[in-house]
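Hello,

Here is the structure I promised to pass on to you. Have a look at it first, and then read my notes below.

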Amino acid sequence: LWQLGNRELVTRLTAVHRRILRDYAEYFDILSEVDGRGAAYELGYSNTAALLVHTQNISRSEANQRIAQATALHDVKTPTGAVVEASLPLTAKKLAAGQISVGQVEVIRKFVGSLNHVEADKVALAEELMVERAAEDDPNALARYGERWVRDIVDPDGTAPEDDEPQRPERELRRHVFRDGRMEFKGRLDAETAALFDALLAPFEKREADDTRGYAERGGDAFADVLQKAANCPDLPTHNGYKTEVAFTISMDELKKSVDERVLPGTRLTAGEARRIACDAHVLPAVMGGDSKPLDVAVPAYVVPAHIRRGLVLRDRGCAFPGCDRPASVCHSHHITSWLRGGPTALGNLVLLCGQHHRLIHRSEWEVKLDGGIAWFTPPDYVDPVRTPRRNHSWSAPNAGLHARARPCSSPTGSQLQANRSRGRPIALKR
């Protein structure tokens, strides 16, 4: 393996992964037969889960999950002779072809299982839409897609609300301030406020690559960040996550020519990191003396002016990278053609990206282009050998081309893409 190039190594890794998925399909086929015929009882076990715990050294919860997946993927003949039809036949075919992961199977199973109160044809449509999206999304993004868009199509009314709804929201907050100024608090929130609270914390508490904080620490830091933003920016919606000022004491020519991995003198930043930060910052034009003392500092030049930033927020609404749901307030304004290389600061050359995907675009071979106001991302060949462009559907209208999808799903035609793009075209903004 050490003789292989990186691309060939990743290609082999993907091939092995698909082979594992096909083996999983066979595993579920056998497991459904074992569970359906009651083999565990004949061998002295109380149920199939207990048999799996002993024969495969897995936990009881994982055993139950595997049994539930096998039952959903295959027709099961019970000991009484009755046949229970598979609830996920299309998912079973995709798994057998190595085109869908076990994690995605579990997401689809749980989502379809929550639709037991809707008609069978709508349940089938829900599975169809989820399986189609699984070709692009990881399990977390697929779950968000199901809850945000597919549920709105097949189950817009949801389950009937309970009649015993309280007259006023249940909210409590108990605080205790220690002598040194530290505070300890405890409370509870109603469902609506709890959802708002989670939505405010979510952009700040996501784990980064080198993050060593625990769950509670990340939550505490996120809460502090939200309080700081609320205190400093009472009119936060009009700011749309504006960046602060950053100054690099390096010539523009040197910054352009430096190799990405080179660490800049007097800093811990590489040239690539500096270019990424400068992609969405307020540039401070400065004239430096021979001893690096500033002789003159001009008024900050805004790389992305306020009116263009607002246009970006209206158009992209959040991170435009496929599958990402981070809001616009924590996103950067990325120049598709770098302004260091002459790219204009205009809506046609800008796209919103969260910090994680902004770094990915600068460091990897992902490509982004705008077409009709929609950002299309082309993955490297080691992610998708065909390099099919992808887009983020998290911010799209839920009814964009989906209500009419009662027939088997297929790749969108050029006319369908053009129709979808026309819906997402932003309104031109003027200063």
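How do the residues of the lining of the largest cavity divide into nonpolar, polar and charged? There are four nonpolar, four polar and six charged (Ala, Val, Leu, Ile, Met, Phe, Trp, Tyr, Cys and Pro count as nonpolar, Asp, Glu, Lys and Arg as charged, and the others, Gly among them, as polar). A cavity is a set of points on a 1 Å grid over the protein atoms alone where a 1.4 Å probe fits but cannot get out, and lining residues have an atom within 4 Å of a point. Arg133, Asp137, Gly323, His393 and Ser394 lie nearest the centre of this cavity.

Before you go further: this is a predicted model, where local features need pLDDT of at least 70 and side-chain atom pairs pLDDT 80 or more, while totals for chains, interfaces and linings use all residues. Residues are numbered from 1 along each chain as its sequence is written, and side-chain values use heavy atoms, without hydrogens and water.

Next, the aromatic rings. The whole structure has seven aromatic pairs (rings of Phe, Tyr and Trp, the last by its six-membered ring, with centres within 6.5 Å). Elsewhere, ring pairs link Tyr24, Tyr27 and Phe28 into a cluster.

Enjoy exploring!

How values were computed: On a 1 Å grid over the protein atoms alone, a cavity is a set of points where a 1.4 Å probe fits but cannot get out, and a pocket is an open set with protein on both sides within 12 Å along at least five of seven lines; lining residues have an atom within 4 Å of a point. Rings of Phe, Tyr and Trp (its six-membered ring) pair if their centres lie within 6.5 Å; planes under 30 degrees apart count as stacked, over 60 as edge-to-face and the rest as tilted.
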